[in-house]
Structure formats: structure tokens, C-alpha cells
Amino acid sequence: MAITADSSKVIASCVDDRVVIVDLAADGHPASFVTLVDPPGSALAPMCGPYAVTLDEGDGERTAWVSCYQSGRLIAVDVDAAAIDEIRHENDAASPYRLR
């Protein structure tokens, strides 16, 4: 799990191949779910198995980096857009950050 520097959002991994972004500053604390892989697995059989989350808030962008236990991938999530960051996303073959 990661919390933004301004404490406005928390990003947490979910075992069902998603992350949840909770807006702590908004009334009702709305949550947005981002599916990390297509097709996603289930909580019983994840394809990615998201585990750790770390946050990069440089250059005016907030990117959550999510490690996948099952696949060894490192996936970039745009926190403000609540979507996969296709520009910064690392795929298995090209990633210098391969976890396995």
C-alpha cells in the first residue's frame, strides 16, 4: 500500500489482479479499481498476483508501481487517471526491473 505525499489518496493491491485507489479527501472516500492484466485472474487464481506498491510523485505525475508475485511483472498505474500508465508501463520482455 502507498499513500500520496499530500495524504489525499491511498493505493493498495488486491489479490484479484487489481489495485484500488481510494480518495481520502473526497466525501464518502470513493474508490476506483484498476485491472492490471487482461484477462485478469480471480482471487483464487490470479494471473498477476499484485503484491507491493510504491509511489513515484516526480515531475508533477503520480505513478504507482505495482509488483506482481505470480508473473514477476512491474506495472505502472497513473494514480490521478486511475488507469494503467501505458507510457511508463514496463512489459515482461523489455523490463530491466524483471522481478524473477
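Modeller: The discussion below sets computed values against the definitions behind them.

Modeller: This is a predicted model, in which local features need pLDDT of at least 70, side-chain atom pairs count only at pLDDT 80 or more, and totals for chains, interfaces and linings use all residues. Residues are numbered from 1 along each chain as its sequence is written, and side-chain values use heavy atoms, with hydrogens and water left out.

Biologist: Which other salt bridge does Arg-62 form with an Asp side chain?

Modeller: Arg-62 also meets Asp-6 in a salt bridge, at 3.4 Å from N to O. This pair links distant parts of the chain, 56 residues apart: Arg-62 in the loop between strand E5 (50-56) and E6, and Asp-6 in the loop between strand E1 (2-3) and strand E2 (9-14).

Biologist: Why is Arg-62 called buried, and what is the class of Asp-6?

Modeller: Buried means under 20% relative accessible area, exposed over 50%, and partly exposed in between (1.4 Å probe, protein chains only). Arg-62 has 15% relative accessibility, so Arg-62 counts as buried. Asp-6 has a relative accessible area of 51% and is therefore exposed. Asp-80, with 42%, counts as partly exposed.

Biologist: How many salt bridges does the search find, and which residues are joined into one network?

Modeller: The search of the whole structure finds four. Through shared partners, salt bridges join Asp-6, Lys-9, Arg-62 and Asp-80 into one network. Another salt bridge is formed by Arg-18 and Asp-16, whose closest N and O atoms are 3.1 Å apart. Arg-18, at 27%, is partly exposed, and Asp-16, at 21%, is partly exposed.

Biologist: What makes the approach of Thr-4 to Asp-6 a polar contact?

Modeller: A polar contact is a pair of N or O atoms within 3.5 Å; within protein, one must be able to donate a hydrogen and the other to accept it, and residues adjacent in sequence count only if both atoms are side-chain atoms. The side chains of Thr-4 and Asp-6 are in polar contact at 2.7 Å. The Thr-4 side chain also reaches the backbone nitrogen of Ser-8 at 3.1 Å. Thr-4 is in the loop between E1 and E2, and because its relative accessible area is 2%, Thr-4 is buried.

Biologist: Which residues have the most contacts inside the largest nonpolar core?

Modeller: They are Ile-11, Val-19, Leu-36, Ile-75 and Val-77, in a core of 16 residues. Strand E3 (18-23), strand E6 (63-68) and strand E7 (74-78) each supply at least two residues of this core, and E6 gives the most, with three. A nonpolar core is a set of buried Ala, Val, Leu, Ile, Met, Phe, Trp, Tyr and Cys residues joined through side-chain atoms within 4.5 Å. Leaving aside neighbours within four places in sequence, Leu-36 is in contact (heavy atoms within 4.5 Å) with residues including Val-19, Val-66, Ile-75 and Val-77.

Biologist: Why are E5 and E8 said to stand at the edges of their sheet?

Modeller: Four strands form an open sheet in the order E5-E6-E7-E8, with antiparallel pairing. E5 and E8 each have a single partner strand, so one side of each is left without a neighbour in the sheet.

Methods
Pairing = 2+ DSSP bridges.
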